[in-house]
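Let's take a walk through this model together. Have the viewer open and follow along.

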Amino acid sequence: MAEHAYDVAVIGSGALACLVAGLLVAGPARSTVLVTTPPAAFRLPRSLSLGLSPMTRPDRARASLAARTEALALAADLGKGALLAEDVSFLARNSADLDGLGHFRHLMRSFGETVEPLLARGSDQPIGVRVRNLAVGAPTRFDMAASDWADRAGARRLDARETAVALKRDGSCRLTYAGITTEAAQAVLLSDEAILALAPTDSLDKVLEIVPQEAALLAAPGLRLRSPVQIDLATGLTLFGHRGTYLALTDGRVRLERALSQAVPDPAGLGILSHARFEALVSRDGAPYFGHLKNSRTLLAAALGPMAAFLAPMVAHWVAGTLTEAETAFVEAAGGHRGAIRPALLDLGAGAA
Amino acid sequence: MSAPYRLPANAEHGFGGLAIDRKTPLRFRLNGREISGFGGDTVLSAAFASGLWLAGQFRGEPIGLSPHLPLLVHPAGTDAATALPAHRLPAVDGANLVTTAPRLDPMPASGLAARARLRLLGEERALNLQLDAGLLPFSPSAQTTREELSADLVVIGAGVAGLAAAGTAIGLGKRVILVERDQQTGGALSYFGAIDGEETPLAQITRLDKELAGKGELVLLTGAKALRVTAGEVLVHQIRSEFGQITSRMLALAAPRVVLATGAGERLPIYPGNRLPFSLGSVAAFQLAERFGVVPGRRLVVSTPHAHAYRYALYGRDGGLDILRIADLRLEPRSRYVDFCMASGLTLSTGLVPERAQLQKKTGTLRFTLANVLDAGRGSPTEFETDAIIAAGGFQPRLDLWIAAGGAITWDKASHQFRPRGTIEGLVVAGAAAGWQSTRAAIGSGKAAALTLFGKPASPVDDPALPSHFESPDAPTAISRATGEGKGQGFLDAGAAFTLRRPLPLPDLATEALTHPTPLGLDAIAALVDLGQIDPGHGAELARERTGIALTIPPAEPKAVKSPKTAEPAFAPENPLPAYLAGRFGPRPLICRLGSPEARRFEVGQLIHREAVLGEPETAIGVVVAGASATEHGGWALIGAPPEESEVLVFVRDGAAPQAARVLARHPARFS
């Protein structure tokens, strides 16, 4: 058997990959190398990390909430300002979405989470649900804090833009950086960017689909959101507000132009300061994916949704083979080759692709 | 002096203003202030000539008017949505114009109150714009008329590269539309001049113009700004002045091939006070003088990292300006222009980098401080009391259209420029926009671009550079030493964004994208790279995000459903239950009518348990899928194995509390 310099290579950019790398280093005998692109100032955030996202399956909720509790225990180590406590509104535009949010709300209440109904202004008509003081990753700052924390935890870091990665079928990988080659026994792909760059499309499980997502920075002084973070289930549009400036993110179902024209009363008054289109992975059944590339033991986790970073402890347990009982039930159901949609995993957002 | 901001008509080198007709004086009002100009002036050049150089304030700092600032104006009493950029708008006699930007002064800009103020307080010396939020870039009104044209080739930019591309295509018998932002062709050629053995700029432009003149296959659109290039179409906004009337129109130019010859813009040197009034870049200053005879003052200091700005100093001196000093960033600059300047008696200092500029409130003059590049600010600075500052910078190819069309860019370390990389079918970048330096290369690249697009062989582009012992290489754009906190550190761009230089480490670097939501231009991004605040790879991506915006938000769609639930909830079995309930409660769950002994109305999503001691959510036997009608209680539920007898209670979960319910009936429909 080949000698590997590292047990694990975590390949991916963003808070999830950094947190998983740091958690693996802290685990027993897990030397870890993190192959990542460092976050940069001024760049447009491509996701918003939320401590909760709509779901209806109890096993998923239990595993997700447990992982979140573990992740939030790291908050103090991440430093001030990395995590915000913001009210988050999930809006429905049709009765089907409103019912979906009803299932989400009552499921969360059964786990002791407070999710309150959201009524139309000046009316008793329900239009969605709201979660108060939810942990929200400050855009970019959270990624930077996670990146710094991985360094402090002892994960060796390589700049993904300058590292050649060769994935092997046995799950290991060879990394070449600055002319020096090293190997890791297990490669784990933990961001859509890394998966799409390194894995051939036909090596991905058919339940995963590549969709075009968009991010934009908007100047909209007159826009009033129901809360600092507002997510429209029908269009998949997330808006995060900050003093008349808004980060807008789509989930791939609806083009940003159309989503904004539905969500903003006066779209003509919007100033678009920044915009990016990029490819991302979603699952056809709306559930997270834990699996591996076809004909390979290279691990990948994808379609984890806005909670992705908060699921880092569960992902780290999965990679290290130390899943808890609750996690095992969920990850095994959501793992392996799903291929066709598994009814037992179908959740809100199914068919988003 | 009667006209301190306009050189005499007979000023040498054409610095009396080639575009204006001094026999047709005109007057108009801008925010109530009377502006004098001539036929051929733009609103902005006339304002400059009338002494209006102060745009307003950004966070308390005075900001000068500049051709790079998108100052939008419209006739008083008309819709602000029809406003046009002042630097492109021809001045018209008798007009009464107002700006759209918010003003510091609550007094109105027009009408009786404005006239009363004018009478009582005299002329304003500033436009008093409140610039803290920056200015939104020009966006044509939805009411602008739209016309369509088609051609075999659209060339954007009528500098030498664009003219050469258009001429080459016409020589091939193709139909060409040439789009030029300014009212005249030639671009910045006269600023750059020619090197030994080349034609003079004027001769080159005249020759290229002649080659195109009278060609029926050519449509030349001047005053026309290309807004977007997409596959097969170029969207253009044109301002025209006909018989004293200003009109604007949108043009959709259908063409399978496009040459982008958009030139290069001059970057803003970075130092505190770099956007004060009476401060201009050397290209803007040259073009204002050459086209309109306008100068920012009579006593000037010229700071430059290259030889091109020497021409302004020489021509300006010959036109009657007092050039207090040419301050070259380079330690030992060599150039024929250096020799000309020395021979002409101009004073040259080398190795000086701008340190700061300050507006002297009492005198209205500028104090310009420069530091020696060698002593890191330890030595005595060199200071000037001057009317105006010409601060030249390096050049950044204008690539916004290329990036918005999906083109990639890369950072060129040697030239401190982002340059185009890769190809886009049917779209070629030529001239200075592609990074070519010499006039010969610009012309060659324009020809090559047209030939390539029509599938013809093209000669390699020759970009001759003078040996360094004759012509010193350009220095990078000046950056002053960082001193103190963010305010007053200078701006990274000359345009709408007002991107402030931040000291290192950036205090809120992490959330910069949200806390500093300005439309960063490529110049500012190049400055960030030069400052080491973003690496070139991220810079290229940032440019794609910030300058490649190609979004059109359609008007709000009428809402099909006013509210998610307009009617009382009632279970309609013909509506399928959501897929996410599949498998939750066994293979063959039943739809049941639930009654509430306590007359409660259940909510969608409430879990149903068999026991009053609810247990874990995973042990639920069902879930409420629809509420009851307004006159009923209970609701509808999906239950895996409902009790057979209606007397048996089940328990609907309300958080941690159980609510008793009875299964009253089973619906014949099944959920699978």
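Here is a tour of chain B, from the overall picture to one helix pair and then to confidence.

First, some ground rules: this is a predicted model, where local features need pLDDT of at least 70, side-chain atom pairs count only at pLDDT 80 or more, and totals for chains, interfaces and linings use all residues. Residues are numbered from 1 along each chain as its sequence is written, chains are lettered from A and ligands numbered from 1 in the order in which they are written, and side-chain values use heavy atoms, leaving out hydrogens and water.

Chain B has 13 helices and 35 strands, counted as DSSP runs (H or I, at least four residues, for helices; E, at least two, for strands) and numbered from the N terminus. Of its 672 residues, 54% are buried, meaning under 20% relative accessible area with a 1.4 Å probe, protein chains only.

Now find helix 6 (residues 282–292) of chain B and helix 7 (residues 308–318) of chain B: they pack at about 35°, axes 9 Å apart. Those axes are lines fitted to C-alpha atoms over the stretch in contact, with angles running from 0 to 180 degrees between N-to-C directions. Helix 6 brings Ser282(B), Ala285(B), Phe286(B) and Ala289(B) to the contact, and helix 7 brings Ala309(B), Arg311(B), Tyr312(B) and Tyr315(B); contact means heavy atoms within 4.5 Å.

How far can you trust it? Mean pLDDT (the predictor's confidence in each residue, from 0 to 100) is 86 for chain B. Strand 25 (residues 388–391) of chain B is highest at 98, while helix 11 (residues 512–515) of chain B is lowest, at a mean of 51. Residues 505–513 of chain B fall below 50.

Note on methods:
Buried < 20%, exposed > 50% of the residue type's maximum accessible area, 1.4 Å probe, protein only.
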